[in-house]
Amino acid sequence: MTVTTEKLEGNDLAKYSDAEKTVTIDSDYLMNASARELTETACHEARHSYQHAVFNLYRQLKDDPASQIILADILDEGEKYAECFATYKEDGLDYYMQYVEEECRAYSEDAYADYVRRITEIEEEKTIGTAN
């Protein structure tokens, strides 16, 4: 996946293109957002990449009996994404409340908290190591 920056139109802060396998972050947002906001945005868009990968796998394997047994959970997830992508909304509250968008927001918040926890642990280990 490639990450780029450019001036995006409308209210978009970032976007993911599955066709190009690219995350684009709005250049103004990149210059003005906090580290937390940028991290969560990058994680959010990376989650869209994951969603599309699972969806594409679902499309390829949904009719294969062996795959249905081995990859049942992934295919169930792919089916949810297929339903969402088929009726995807671009604007407003409908956009915000879509399953795929809610999932990306939850993932990005969890990922940020995990990164902070890991960084804190590393810093604490450094502090303990220098105190000895």
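The count of salt bridges in this predicted model comes to 10.

| Salt bridge | Closest N to O distance |
|---|---|
| Lys 21 and Asp 18 | 3.2 Å |
| Arg 47 and Glu 103 | 3.2 Å |

Lys 21 is placed in the loop between E2 and strand E3 (22–26). Its salt-bridge partner is Asp 18, with 3.2 Å between the closest N and O atoms. Lys 21 is partly exposed at 40% relative accessibility, while Asp 18, at 19%, counts as buried. The assignment of Asp 18 follows from the cut-off, because buried means under 20% relative accessible area. The backbone of Lys 21 also deserves mention: its phi is near 55°, a positive value in a residue other than glycine. Most residues other than glycine have a negative phi.

Arg 47 and Glu 103 form a salt bridge whose closest N and O atoms are 3.2 Å apart. This pair links distant parts of the chain, since Arg 47 lies in helix H2 (residues 35–61) and Glu 103 in helix H6, 56 residues apart. Both residues are buried: Arg 47 has a relative accessible area of 15%, and Glu 103 has a relative accessibility of 14%. Helix H6 itself covers residues 99–131. The side chains of Glu 103 and Arg 47 also make a polar contact of 3.2 Å. A further polar contact, of 2.8 Å, joins the side chain of Glu 103 to that of Tyr 81.

**Charge networks and patches**

Salt bridges also link Asp 114, Arg 117, Arg 118 and Glu 121 in a network. Elsewhere, a patch of negative charge gathers on the surface from Glu 6, Glu 9, Asp 12, Glu 20, Glu 90 and Asp 91. One of these residues, Asp 12, is found in the loop between strand E1 (2–6) and strand E2 (14–17). At 41% relative accessibility, Asp 12 is classed as partly exposed.

Notes: Residues numbered from 1 in each chain as written. Predicted model: local features only at pLDDT ≥ 70, side-chain atom pairs only at ≥ 80, totals over all residues. Heavy atoms only, no water. Patch = residues over 30% accessible without salt bridge, like charges linked within 9 Å, V, L, I, M, F, W, Y side chains within 5 Å. Areas by Shrake-Rupley, 256 points an atom, 1.4 Å probe, with all protein chains shown as cover. Salt bridge = Lys/Arg side-chain N within 4 Å of Asp/Glu carboxyl O. Lys, Arg positive; Asp, Glu negative; His and termini not counted. Charge placed at Lys NZ, Arg CZ, Asp CG, Glu CD. Helix = DSSP H or I, 4+ residues; strand = E, 2+ residues; numbered from the N terminus. Buried < 20%, exposed > 50% of the residue type's maximum accessible area, 1.4 Å probe, protein only. Polar contact = N/O pair within 3.5 Å; in protein donor to acceptor, adjacent residues only side chain to side chain.
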